[in-house]
Amino acid sequence: MTKQEIAEMIAKYAITDNRDGRIKISNTKIVTDAIYKQIISVKPEILAYFADERAEYQRRRQTFEEICLPLPTKLNRRV
């Protein structure tokens, strides 16, 4: 599956990462046995997608801190 298809599946079925190797499917009203088997078959790809998203978030957070934290604010401005 492509990254886009994984993202659509995550959004459609409200899949979340428990961060312990398991996933949670919150939108169970529309999940049939066939859909469940499809989700489970691509579970490693779903977990990899979540890991990529966390890594991207950490990269952006680090960039933000490198840029914004050295800027003077009212609290750390020298007078």
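I began with the elements and found three helices and two strands in the chain. Helices here are DSSP runs of H or I with at least four residues, strands are runs of E with at least two, and both are numbered from the N terminus. Their order from the N terminus is α-β-β-α-α.

A note on what I am looking at: this is a predicted model, in which local features need pLDDT of at least 70 and side-chain atom pairs pLDDT 80 or more, while totals for chains, interfaces and linings use all residues. Residues count from 1 along each chain as its sequence is written, and side-chain values use heavy atoms, without hydrogens and water.

Next I looked up burial. Of the 79 residues in the chain, 18% are buried (under 20% relative accessible area, 1.4 Å probe, protein chains only).

Then I turned to helix α3. Which residues of α3 are buried? They are Ile-46, Tyr-49 and Phe-50. Their cover includes α1 (3-13), β1 (15-17), β2 (23-25) and α2 (33-41), with contact meaning heavy atoms within 4.5 Å.

Last, I checked the aromatic rings. Rings of Phe, Tyr and Trp (its six-membered ring) pair if their centres lie within 6.5 Å; planes under 30 degrees apart are stacked, over 60 edge-to-face, the rest tilted. That rule gives one aromatic pair. The ring centres of Tyr-49 and Phe-50 lie 6.2 Å apart with planes at 70°, so this pair is edge-to-face.

Conventions:
Buried < 20%, exposed > 50% of the residue type's maximum accessible area, 1.4 Å probe, protein only.
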